[in-house]
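Here are my notes on this model, as numbered points. Please read them with the coordinates open.

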Amino acid sequence: MQIINDLLSILDFEAPVTDIRQGPFQTAVLTRNCGLASTPHDSSPHHAKSPVKEAGHLLDRNADELAQMSLSSSDTEAAIGMATINSLIEVDEQKCEELNAADLIARKGENRKVAIIGHFPFIPRLQSIVKELWVIEKNPQAGDFGEAESENLVPQADVVGITGTAFTNHTIEHLLALCNPDAYIVVLGGTAPLSPVLFDYGINAVSGTLVADPQLVLRYVSQGTTFRQIKGIRLLTMMKERD
């Protein structure tokens, strides 16, 4: 996962780890800032598993050790690692704008072929705007395609939206390799790192989350919030070339 290693290489780890919360839908880590990531869903029996090996003792780790968890083979640990990375990124707000990923993809995808990795709430809106829409999901809903179809569909797309959880499950580099070189690529969601490092990998825009009120966000995460319910955040988009 060179893209994650590149993210790690630019971080300043001299920051205290003061809080870690992992709810059923969102994960939050408080270091220099507060960072978010989506909590993976696993409906299989868990009694014999240890998704987070040192659960209850993570505050004993430093920021570097927590961020390195982004490389873990456990998706649950990797979510903590990605939230830590997001908490350590110093987001350059002058390079961002308050633009929702749905609006950006709708604009870029008008009358074009669009592939979205992950079933997002804005999918119905896109259906009346784009020429062709393929939604690729690990747990497909009606009209979605399974993960295996990404090999065939993603290369055909003019615009590709990739969920930030592709960092957590370590599929991001494979998905990027499938994209047509001329495709407009957006990485989106609370897990998406708002870092220009991503532009080195052919990504055109990152639509992520900046935590404006850490204590409010931590409270929401602890009480089982979904991303759409959470308060105290700002939705920002960083583009390689603003237009």
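1. Methionine 82 sits in helix H3 (residues 75-88). Helices (H or I, at least four residues) and strands (E, at least two) are DSSP runs, numbered from the N terminus. At 0% relative accessibility, methionine 82 is buried. Buried means under 20% relative accessible area, exposed over 50%, and partly exposed in between, with a 1.4 Å probe and protein chains only. Methionine 82 touches Ile4, Leu36, Ala37, Ser70, Phe167, Thr168, Thr191 and Pro193, leaving out residues up to four places away in sequence. Contact here means heavy atoms within 4.5 Å. Alanine 192 is 110 residues from methionine 82 along the chain, yet their C-alpha atoms are separated by 8.6 Å.

2. A word on provenance. This is a predicted model: local features need pLDDT of at least 70, side-chain atom pairs count only at pLDDT 80 or more, and totals for chains, interfaces and linings use all residues. Residues are numbered from 1 along each chain as its sequence is written, and side-chain values use heavy atoms, with hydrogens and water left out.

3. Now the sheet. Eight strands form an open sheet with mixed pairing, in the order E4-E11-E10-E9-E8-E5-E6-E7. Strand E4 (96-97) and E7 stand at the edges with a single partner strand each, so one side of each has no neighbour in the sheet. Two strands count as paired if DSSP finds at least two bridges between them. Strands of a sheet pair through backbone hydrogen bonds, either parallel or antiparallel.

4. Which strands does E5 pair with? Strand E5 (residues 113-117) pairs with E6 in the parallel sense, over five bridges. E5 is also joined to strand E8 (residues 159-163) by four bridges, again parallel. On the E6 side, isoleucine 117 stands opposite isoleucine 136. On the E8 side, alanine 115 has valine 160 as its bridge partner.

5. Strand E6 (residues 132-137) has five of its six residues buried, so the rest of the structure largely encloses E6. E6 runs parallel to strand E7 (residues 145-146), and two bridges join them. In that pair, glutamate 137 stands opposite glycine 146.

6. Helix H4 (residues 101-109) is mostly covered, with seven of its nine residues buried. The buried residues are Ala101, Ala102, Leu104, Ile105, Ala106, Lys108 and Gly109. Note that Lys108 is on that list. The cover includes E5, helix H5 (123-127), E8, E9, E10 and strand E11 (233-239).

7. Phenylalanine 122 lies in the loop between E5 and H5. Is phenylalanine 122 buried or exposed? Phenylalanine 122 is buried, with a relative accessible area of 13%. Leaving aside neighbours within four places in sequence, phenylalanine 122 is in contact with Ala102, Ile105 and Leu188. Isoleucine 80 lies 42 residues from phenylalanine 122 in sequence and 26 Å from it in space, C-alpha to C-alpha.

8. Serine 195 is another loop residue, placed between strand E9 (184-188) and E10. At a relative accessible area of 1%, serine 195 is buried. Its contacts, not counting residues up to four places away in sequence, are Leu7, Ile10, Ile89 and Met238.

9. On to the second largest pocket, which holds about 210 Å³ of space. Of its 16 lining residues, Cys34, Asn86, Ile89, Val91 and Leu210 are the closest to the centre. A pocket is an open set of points on a 1 Å grid over the protein atoms alone, where a 1.4 Å probe fits, with protein on both sides within 12 Å along at least five of seven lines; lining residues have an atom within 4 Å of a point. Grid points are joined across faces, edges and corners, and the volume is the space filled by probe spheres set on the points. Strand E3 (34-38) and strand E10 (205-211) each supply at least two lining residues. By class, the lining has nine nonpolar, five polar and two charged residues. Ala, Val, Leu, Ile, Met, Phe, Trp, Tyr, Cys and Pro count as nonpolar, Asp, Glu, Lys and Arg as charged, and the others, Gly among them, as polar.

10. Last, the cysteines. The structure holds zero disulfides, a disulfide being a pair of cysteine sulfur atoms within 2.5 Å. Cysteine 34 is buried at 6% relative accessibility, and cysteine 96 is buried at 7%.
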